[in-house]
Amino acid sequence: FNLFLGGAIMGPTARGGLEGQLHGATTEFRFFQAFQAPAFGSPYWFRSIRRATTEEDSRGIDAFAELDMGTVQVQIKSSFSGQKRHVEQYGSKHCIIVIPEEMDAARIRSHTFNRLFLWRKGHLSPQKSKKRRAR
C-alpha cells in the first residue's frame with residue numbers, strides 16, 4: 001500500500017520497508033515543525049528553510065536552506081546508517097542532517113545551524129581546507 005506523507009508518496013521499499021519510510025517521514029515532520037516556532041534565534045547568515053517539492057524529493061533533497069552565501073540542498077536522516085546509504089546513492093553534494101528521536105525542537109534547530117555552519121564554512125572559498133602539516 002502507499003501513504004501520502006510530507007509531499008511524497010510512501011510505499012514499501014527494499015531498504016527499511018514501510019516502517020523505515022514512516023520513521024523517516026516522522027523525522028522530517030519533526031524537523032520542519034522545529035522551524036515553525038513563532039520566534040527563535042538564528043545566526044546572521046541563516047535566511048530561511050523550505051521543504052522540497054515532490055520532484056525535488058525524488059532527487060534526494062528534503063529541504064533547501066537559504067543562507068547568505070546562497071541555497072544549500074539539505075537531506076534529513078533519522079540515523080547514521082541512513083546517512084551512509086544516502087551518500088552511497090547520491091554522493092556528498094547535500095548537507096546531511098541526522099536527527100535522532102530524542103532531539104527536541106530547540107536542539108534540532110541548534111544542530112541544524114551547526115551543520116549548516118560547517119557546510120557554509122567548507123563552501124565559502126573555492127578551495128577545500130587542507131589538513132595542516134605537523135611542525
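User: If contact means heavy atoms within 4.5 Å, which residues does I108 touch, not counting residues up to four places away in sequence?
Analyst: I108 touches R30, F31, A34, I99 and M103 once those neighbours are set aside. This is a predicted model, in which local features need pLDDT of at least 70 and side-chain atom pairs count only at pLDDT 80 or more, while totals for chains, interfaces and linings use all residues. Residues are numbered from 1 along each chain as its sequence is written, and side-chain values use heavy atoms, with hydrogens and water left out.

User: Where does I108 lie, and is I108 buried or exposed?
Analyst: I108 lies in helix 4, where helices (H or I, at least four residues) and strands (E, at least two) are DSSP runs numbered from the N terminus. I108 is buried, with a relative accessible area of 1%; buried means under 20%, exposed over 50% and partly exposed in between, using a 1.4 Å probe and protein chains only. I108 and A34 are 74 residues apart in sequence, and their C-alpha atoms are 6.6 Å apart in space.

User: How do helix 1 and helix 4 cross?
Analyst: The axes of helix 1 (residues 17-34) and helix 4 (residues 105-123) come within 8 Å of each other and cross at roughly 85°. Axes are lines fitted to C-alpha atoms, for helices over the stretch in contact, and angles run from 0 to 180 degrees between N-to-C directions. Helix 1 and helix 4 are therefore roughly perpendicular, a label for angles of 65 to 115 degrees, with under 35 being roughly parallel, over 145 roughly antiparallel and the rest oblique.

User: Which residues meet there?
Analyst: On the helix 1 side they are R30, F31 and A34, and on the helix 4 side A105, I108, R109 and T112. The residues of this contact divide into four nonpolar, one polar and two charged, where Ala, Val, Leu, Ile, Met, Phe, Trp, Tyr, Cys and Pro count as nonpolar, Asp, Glu, Lys and Arg as charged, and the others, Gly among them, as polar.

User: What else covers the buried residues of helix 4?
Analyst: Besides helix 1, the cover includes strand 3 (46-51), strand 4 (63-67), strand 5 and strand 6. The buried residues of helix 4 are I108, R109, H111, T112, F113, L116, W119 and R120.

User: Switching to helix 3, which of its residues are buried?
Analyst: In helix 3 (residues 80-90), G82, Q83 and H86 are buried. They cover an arc of only 100° around the axis, which puts them on the same side of helix 3; the arc is that of the directions from the helix axis to the C-beta atoms. These buried residues pack against strand 5 (70-77) and strand 6 (95-98), whereas the exposed residues F80, K84 and E88 are on the face turned away from the buried side.

User: What follows helix 3?
Analyst: Helix 3 is followed by G91, whose phi is positive, near 85°.

User: And V98, what is V98 in contact with beyond its neighbours within four places in sequence?
Analyst: V98, which lies in strand 6, is in contact with K77, S78, S79, F80, Q83, M103 and H111 when those neighbours are left aside. V98 is buried, with a relative accessible area of 6%, and its C-alpha atom is 6.0 Å from that of I76, although V98 and I76 are 22 residues apart in sequence.

User: How many helices and strands are there in the protein?
Analyst: There are four helices and six strands, and from the N terminus on the elements run β-β-α-β-α-β-β-α-β-α. Of the 135 residues in the protein, 36% are buried.

Methods
Contact = heavy atoms within 4.5 Å.
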